[in-house]
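Biologist: Please show me the model, and then we can go through a few local features.

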Amino acid sequence: MTIGAGGFEIRGGIFAGGSQAITNAGIFRQSLGTFTNTSGTHEISAQGPTVDTWIVTGGTHVPNGGTVKISGTLDAVVTNTSGRQFNHLELNTTGITSGTIFVDGNLTRTQGPTLNAIISLKGDYLGAGGASYSSGSGNIKFIGTTADQNFTCPYAPNVEINKSAFNLIFPADITVGGNWKQTAGAITWNSHKVTFDNVNTCLITSGSFYDVEFNKNAATTVTIENLCTIANNLTITSLANLNMSASLQDVGSQFVRQIDVSGNYITNLNS
């Protein structure tokens, strides 16, 4: 099924996508009605920063086990809700993806180094990525509670882990450009490292790590808000300041550790 540049809008009625491939050169918009997506791949062209490429605000939306693939060279604004979520989502545009996105299955980043979207993810985080794929204001929120999740794409802008059940598994080293927050959930690091890179300031609210490296801009500050544990080494390659939260520096006139390092502290800094 091929849809032209005018796109597809459903404001009532019923659409059943079956298993056919859908190629959409325009927008997708749903406010009412019932839309059952294809169980195959629904590919849509990114529409730029001033147009909603994909927006679902109402009606019944059934992802049907399929994949939505956003392709092209333009930015993509993508918005859905937790009750009208994607099954699998592939980001295959070289532009910037933004918006608020819910994904029940896997998220794959094929193209697009800058990610500004807030993505709540229940499946695996996939893709090869590249050196600049940790840039952007976006946040990958790992919220799956019915199975382990794999952090296979080695780059992310910001990370939040809030899993009340099952593990988040790291099969390789990763690089994070911004913040890290671990609210709930067990992590299996498999002896791998997280490197915090690029020029963004960094707030680590809480976390348990194996290896940590700070390779930020020489003028950048990292703030540790709560106790973080590092099972192996802490390496500081480039950084201006490593601060602790002022509210946790003193409890009953006793110093409270912010970083508990079981291995070595390694630095290339002169001061």
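This is a predicted model: local features need pLDDT of at least 70, side-chain atom pairs count only at pLDDT 80 or more; totals for chains, interfaces and linings use all residues.

Modeller: Residues are numbered from 1 along each chain as its sequence is written, and side-chain values use heavy atoms, with hydrogens and water left out.

Biologist: In the open sheet of seven strands, what is the strand order?

Modeller: Strands here are DSSP runs of E with at least two residues, numbered from the N terminus, and two of them pair if DSSP finds at least two bridges between them. The pairing in this open sheet is parallel, and the order is 1-3-5-8-10-13-15.

Biologist: Which are the edge strands?

Modeller: An edge strand here pairs on one side only. Strand 1 runs parallel to strand 3 (residues 22-24), joined by two bridges, and Thr2 stands opposite Thr23 of strand 3. The edge strands are strand 1 (2-3) and strand 15 (125-126).

Biologist: How far from Glu90 is the nearest side chain of opposite charge?

Modeller: Glu90 is in strand 10 (residues 88-93) and is buried, meaning under 20% relative accessible area with a 1.4 Å probe, protein chains only. For charge, Lys and Arg count as positive and Asp and Glu as negative, with His and the chain ends not counted. A salt bridge needs a side-chain nitrogen of Lys or Arg within 4 Å of a carboxyl oxygen of Asp or Glu. Glu90 has no salt bridge, and the nearest side chain of opposite charge, Lys69, is away by 4.3 Å.

Biologist: Which side chain of opposite charge is nearest to Asp124?

Modeller: Asp124 lies in the loop between strand 14 (118-121) and strand 15. Asp124 is also buried without a salt bridge. At 8.1 Å, the nearest side chain of opposite charge is Lys163.

Biologist: Which residues does Gly65 contact, leaving aside neighbours within four places in sequence?

Modeller: Gly65 sits in the loop between strand 7 (60-62) and strand 8 (67-72). Contact means heavy atoms within 4.5 Å. With those neighbours set aside, the contacts are Ser39, Asn87 and His88.

Biologist: What is the volume of the largest cavity?

Modeller: A cavity is a set of points on a 1 Å grid over the protein atoms alone where a 1.4 Å probe fits but cannot get out. Ile204, Phe209 and Cys228 are among the residues lining the largest one. Its volume, the space filled by probe spheres set on the points, is about 50 Å³.

Terms used:
Helices (H or I, at least four residues) and strands (E, at least two) are DSSP runs, numbered from the N terminus. Buried means under 20% relative accessible area, exposed over 50%, partly exposed in between (1.4 Å probe, protein chains only). On a 1 Å grid over the protein atoms alone, a cavity is a set of points where a 1.4 Å probe fits but cannot get out, and a pocket is an open set with protein on both sides within 12 Å along at least five of seven lines; lining residues have an atom within 4 Å of a point.
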